[in-house]
Amino acid sequence: MARAEHRPADRSGRLVEEHTGSDPRVQFFHYLIAGLLLVLAGGLAYRQLIESGAYNARERLQNQRRVVLPGPRGNIYDRNGRILVEDLPQVSVALYLDELQPEFRRAFLQIRKNYRASGDRDLPSAEGMAQIARTSVVQRYLDQVDALLGRSERVDARALERHYEHQLFLPYTLIPDLKPEEFARLQEGLPVDSPLQFPAVSVRHYPYGSVASHVLGYVSADDNVDTEEVPGEDLKTFKLKGAVGRDGLEKSFDAQLQGEAGGDIFQVDPAGFEIKPPLVHIPPRQGKSLTTSLDVDLQMAAERGLGDHMGAAVALDVRTGEVLVMASKPDYDLNLFSPRLTTATVADLNQRKAWTNLAIAGLFAPGSTFKTVVSVAGMKSGRIDPEKFMVDCEYTMRIGNRPFGCENGKVAHGELTLTPAIAESCDIFFYTAGLATGPERIAAEARLVGLDRPTGIELPNESHAMIVPDAAWKRKNRDEPWTDGDTANTAIGQGFLRVTPLQMACWAASLARGETVTVPTLVHDPDRPAQHTEPLGLTPEQRAALVDGMIGCTTTTFPHATASLLTTIKAYQIPGVAIAGKTGTAQVTAQHTDIAWFICFAPADNPQIAVAVTVQGAFGQGDFGGAQNSAPVADAILQAYFRKHPVAAPAAAALRPGSPASARTAGSPAAGSTSPGA
């Protein structure tokens, strides 16, 4: 019994010892659990403290959207501050699709109900019915607009879906260009709570329509709007289209004219719809404006003068080289390019060949205006003495094996020196003078005054293909030897010669200053200094002979002066202003075209403005030429100029054709001349 009673006590002691002693297996699990808890706590701490920024960034990317708005482009002005190009708001009718979600949902449910009720087993997919619902809702609002405006517009379902999928935050445009009266009608007729809205975008507007169209150029829509000014480059971004310059000054100065983009950053709900107001708003800023050297009054005078003829006119400030006029016909109304260019407009421009700026890209034989260059080359070479070099014009002469006639005046001019030969544009005189001077000297002088290269004007597409030919040029390009007939043709500005109207205007300005080169510019600077380049190299007597001949061209001093209509016809007269000019007419037989030219500068005794005009006409027109067709255009420009910058009559009255003393002063406009528009 004693042993039986003692056993339970012993067993109980052992159980106590087992539970109170150290058990390695239990301790292992304790450590394991503690370690796991530490890992969990560390992970939570890492997520909360270290990676919280990354999670916040992900949340931000999911919950925020960026909308970029292009900045308006800068204005373009003429030299007197009149607006030639501006950005104006264009009002459209639009819907913000994300605000129509409840209506889309109701329409979807009704469409699904109707399909099921019809018993049709070939049901569209849920997404297909959703697209139908969106189209029907948008069309319902467009029908309201149509009813008020008398239109019959239809929703483009594909365009609507593309917009819904990719540009939900941007307005979906129903009608892009409301007229003011249409806008007023909609504001009055639509319900106050209508979701239809009238967002305004900036579009280019040209107050003068087609005036200076080739110079100003045009813009087109641009998807690559610069977004640097708007934060959130990592966010999903929606961009309204901007504009980029495609031609003319709009292209050359695009970086300056471009505005700075602005925009908004919105928070969106889990369904991806916008929560207003925006978290960030940065207003767009307009680009910098550009003041051109053009004078719109002179520009319009030139374009009226050219009328429907194909041609170009350029006028320069002799002192500074600033371009006062650059006209090219045919032209186009720049407003047809804004907000977009239609297929019909493109077809019209192609048919009329209106794209090209003939002032800088039209290459023409300069005709008898080139005789001024030949005169300079001949006098500088010593081959032509303006007083002693005399030619007897009997209307025709033989060069090589064929006769060359005098096409100016259709008469035998008789014995001529340089001054009357310029005034009457005697071909026989200049055939002889060209042969005496030689083609190399003539070509060298033409290159010296810049007729072989672009002027560098701040416009795209200036031609680089001008031609000043000589024996080496002909051998290289025609694989033929140079002949005396080539020299004769070159001496009267025909044959292979090709120049632009801008080049000839620059030559006229250089000749007015008595210098070799004029660098033209289309940017106005009221403080621009007078331009000075290498002297032309004529003595005062040589210069007087040439300039007096140009004055004689526009007066009645010589019996066959080619542009005497400028002083004999009252409508063309400019009281107190003597014009030094030179006519020219070139035949382009390959194109069955005649090219009428007139270059000039005025006042002849103190030059301020230089002009070059070229007009194209049908081949062989009897009454077509520089005097009849181009000189009146130049006169219109000069009249507009001198109405703004009148010249004192006594100074001009003292100037007489044939008076070397007066012509000697013509190369120094800095003495008393003023910059136009200054």
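A disulfide is counted here as a pair of cysteine sulfur atoms within 2.5 Å. I kept that cut-off at hand while reading this predicted model.

**Entry: cysteines**

I looked for disulfides and found 0 in the structure. I then checked Cys-393, whose closest cysteine sulfur is in Cys-426, 3.6 Å away and too far for a bond. With a cut-off of 2.5 Å, Cys-426 is in no disulfide either. I noted both residues as buried: Cys-393 has a relative accessible area of 2%, and Cys-426 one of 0%.

**Entry: helix H4**

Next I turned to H4, residues 101–118. Do its ends lie where the length of the helix puts them, or elsewhere? I compared the two values: 18 residues at 1.5 Å a residue should span 26 Å, and the end C-alpha atoms are 26 Å apart, so they agree.

I listed the buried residues of H4 as Gln-101, Glu-103, Phe-104, Ala-107, Phe-108 and Ile-111. They sit on the same side of the helix, because their arc around the axis is only 150°. On the face turned away from that side I found the exposed residues Arg-106, Lys-113, Arg-116 and Ala-117. I also looked at what covers the buried residues, and helices H5 (126–149) and H6 (157–166) are included.

**Entry: salt bridges**

My search of the whole structure gave 27 salt bridges. I looked up a few of them.

- Glu-161 and Arg-134 meet through their side chains at 2.9 Å, N to O. This pair links helix H6 to helix H5, with the partners 27 residues apart. Glu-161 is buried at 12% relative accessibility, and Arg-134 is buried at 6%.
- Lys-474 and Asp-486 form a salt bridge at 2.6 Å, N to O. Lys-474 is in helix H18 and Asp-486 in helix H19, 12 residues apart. I found Lys-474 buried at 5% and Asp-486 buried at 11%.
- Arg-475 pairs with Asp-479, their closest N and O atoms being 3.9 Å apart. Here Arg-475 is partly exposed at 45%, while Asp-479 is exposed at 59%.

I also noted a network of salt bridges that links Arg-73, Asp-87, Arg-204, Glu-250 and Asp-254.

**Entry: His-524**

Where is His-524? I found it in the loop between helix H20 (501–513) and helix H21 (540–553). His-524 counts as buried, at 12% relative accessibility. Its side chain makes a polar contact of 2.8 Å with the side chain of Glu-322. Leaving out residues up to four places away in sequence, I listed Arg-79, Thr-291, Thr-292, Ser-293 and Glu-322 as the residues that His-524 touches.

Terms used. Residues are numbered from 1 along each chain as its sequence is written. This is a predicted model: local features need pLDDT of at least 70, side-chain atom pairs count only at pLDDT 80 or more; totals for chains, interfaces and linings use all residues. Side-chain values use heavy atoms; hydrogens and water are left out. Helices (H or I, at least four residues) and strands (E, at least two) are DSSP runs, numbered from the N terminus. The expected span of a helix is 1.5 Å times one less than its number of residues. Buried means under 20% relative accessible area, exposed over 50%, partly exposed in between (1.4 Å probe, protein chains only). The arc is that of the directions from the helix axis to the C-beta atoms. Contact means heavy atoms within 4.5 Å. A polar contact is a pair of N or O atoms within 3.5 Å; within protein, one must be able to donate a hydrogen and the other to accept it, and residues adjacent in sequence count only if both atoms are side-chain atoms. A salt bridge is a side-chain nitrogen of Lys or Arg within 4 Å of a carboxyl oxygen of Asp or Glu.
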